[in-house]
Amino acid sequence: MQPGDRVRVERGDVTNEGVLLPSTTRDHLVVKLDGGYNVGVDRDAADAEVLESGARDVDEGADAGGGEASEITFDDDLPTISLISTGGTIASTVDYRTGAVTAQFDAEDVLRAVPDLAGRANYRGRVVANILSENMEPAIWRELAEAVAEEIEAGADGVVVMHGTDTMQYSASALSFMLDSPVPVVFTGSQRSADRPSSDNVMNAVCAVEAAKADHAETLVCMHATQSDDACALHRGTRVRKNHTSRRDAFETVGARPLGVVDYEAAAEAGAEGDAADAAIEWHREPLPRGSGPDADSEDADADLAPDLDGDVELAKFTPGMDPAAWDYLDDKDGVVIEGTGLGHVHTDLIPRIEELVEGGAVVAMTSQCLDGRVCDRVYDTGRDLLDAGVVEAGDTLPGTAKVKLMWALANLSDPAEAMGRDLAGELTEESQPWR
């Protein structure tokens, strides 16, 4: 048996089939299963059979942790994709001293760590931040939006932003409002670091690059569509939510199917020749067309950038039995997004508190804790009292997205309260309908 052979390994009552990988010890067989997971099996206790020789090219040195980095070359026939790094697990490895995952690589390091990206595009690497995503903040969103705009102005045909998954939905929302781009802007990350079995970094990176080459101008999040290595889902940046702490398919579009899906096998085949990725993408709804930005008629269309944000906005959650004093920190805020119950409700005793905030000049927008559906404060007495107090309804805008939207609207629009009730970047649907 040689690395790259497709094998069947039996140990006791368990049978595994997959591609044999290099092992760091002679005592174990390491097999990559079709779903993307790696398993280790005691060599002496297993019966192994070669099903196909050379089924996959495996660089033994690279898989064992050595070997040379892939070479970055420029090809006039390939599109140019800008890789912008902010840190996160996709650019992380395990610190074996502590056992913790730490962000260590910049964009070019990630490119070299994912040889599958070679030949798909010309790449430019740029580091905006090197942080774990829980440390993301609005000032970095502005730097990120400016960096993306500069890359597009410099001729990038698409942009891939490598980002930690925990706050990726917030950053994708922020760029959706701050940037009107003529080319794709695709966020991607990894639930598991590159040196762990079943890491999702390679597939997510490959699918993100192919999505950034395709014919659209959306700001998207590209992550595993299922737990297997079969497809990546393309979620609109203002409608996506991380719904699982650790699964590879943690991200979902709320209220609808994803905007599209990238077939990994088709993307791998297309990318091997440097071809456009459109054939690998199935769109469930019509995306914004490439070149649809403000300078669409220009041969070299640039992004329209409005990066200002009002950082004095809070997202407040209502829970039964909460102490009204918990909202004292909202005094003097420019904006407040409330995550209410059901159709958008809070305890009756909190309504005078909300009225005080509105009278003090704050825009107070109501969202719902429910994952699907929209707020409607015209059904029950509490809702009508909230409207009388000055609350504005945010429809079916996700609470986190609503916070980012209000930050942007306060800094850029003359009537931010009115804007919270209409769609600006695909965050608010005209009508909520069951889709499953």
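Which side chains does a polar contact of 2.7 Å join? Select Glu-218 and Arg-236: their side chains make that contact. (A polar contact is a pair of N or O atoms within 3.5 Å; within protein, one must be able to donate a hydrogen and the other to accept it, and residues adjacent in sequence count only if both atoms are side-chain atoms.)

Before moving on, note that this is a predicted model, in which local features need pLDDT of at least 70, side-chain atom pairs count only at pLDDT 80 or more, and totals for chains, interfaces and linings use all residues. Residues are numbered from 1 along each chain as its sequence is written, and side-chain values use heavy atoms, with hydrogens and water left out.

**Stop 1: around Glu-218**

Stay on Glu-218. It lies in the loop between helix H5 (201–213) and strand E13 (219–224). Helices (H or I, at least four residues) and strands (E, at least two) are DSSP runs, numbered from the N terminus. Glu-218 has 3% relative accessibility, so it counts as buried. (Buried means under 20% relative accessible area, exposed over 50%, partly exposed in between, with a 1.4 Å probe and protein chains only.) Now show what Glu-218 touches, leaving out residues up to four places away in sequence: Val-183, Pro-184, Val-185, Arg-236, Leu-259, Pro-287 and Leu-288. Contact here means heavy atoms within 4.5 Å.

**Stop 2: the open sheet**

Next, select strands E1 to E5. They form an open sheet of 5 strands in the order E4-E3-E2-E1-E5, with antiparallel pairing. Strand E4 (38–42) and strand E5 (47–52) are at the edges with a single partner strand each, so one side of each has no neighbour in the sheet. Neighbouring strands of this sheet are turned by 45° against each other on average, direction ignored. (Axes are lines fitted to C-alpha atoms, for helices over the stretch in contact, and angles run from 0 to 180 degrees between N-to-C directions.)

Zoom in on E2 (residues 14–21) and E3 (residues 28–33). Their antiparallel pairing has 4 bridges. Two strands pair if DSSP finds at least two bridges between them. Find Leu-20: Val-31 in E3 stands opposite.

**Stop 3**

Move to E20 (residues 313–317). Strand E20 pairs with E21 in the parallel sense over 5 bridges. Val-313 stands opposite Gly-335 in E21.

In E21, 6 of the 6 residues are buried. One side of E21 carries Gly-335, Val-337 and Glu-339; the other carries Val-336, Ile-338 and Gly-340. In a regular strand the side chains alternate between the two faces of the sheet.

E22 (residues 363–368) also has 6 of its 6 residues buried, so the rest of the structure largely encloses it. Val-363, Ala-365 and Thr-367 cover one side, with Val-364, Met-366 and Ser-368 on the other.

E21 and E22 run parallel over 6 bridges. Select Glu-339 to see it opposite Thr-367 in E22. Follow the chain from E21 through helix H7 (residues 351–359) to E22: this β-α-β crossover is right-handed. (Right-handed means that, with the strands pointing away from the viewer, the path from the first strand over the helix to the second runs clockwise.)

E22 and E23 (residues 392–393) are parallel and joined by 2 bridges. Met-366 stands opposite Glu-393 in E23. The chain gets from E22 to E23 through helix H8 (residues 381–388), in another β-α-β crossover that is right-handed.

**Stop 4: Gly-342**

Pick Gly-342, in the loop between E21 and H7. At 36% relative accessibility, Gly-342 is partly exposed. Its contacts, leaving aside neighbours within four places in sequence, are Ser-368 and Cys-370. Check Leu-371 too: its C-alpha atom is 9.8 Å from that of Gly-342, though the two are 29 residues apart along the chain.

**Last stop: two rings**

The count of aromatic pairs is 1. Select Phe-177 and Trp-408: the pair is stacked, at 6.4 Å centre to centre and 25° between the planes. (Rings of Phe, Tyr and Trp, its six-membered ring, pair if their centres lie within 6.5 Å; planes under 30 degrees apart count as stacked, over 60 as edge-to-face and the rest as tilted.) Phe-177 is in helix H4 (residues 168–178) and Trp-408 in helix H9 (residues 399–412), 231 residues apart. Both Phe-177 and Trp-408 are buried.
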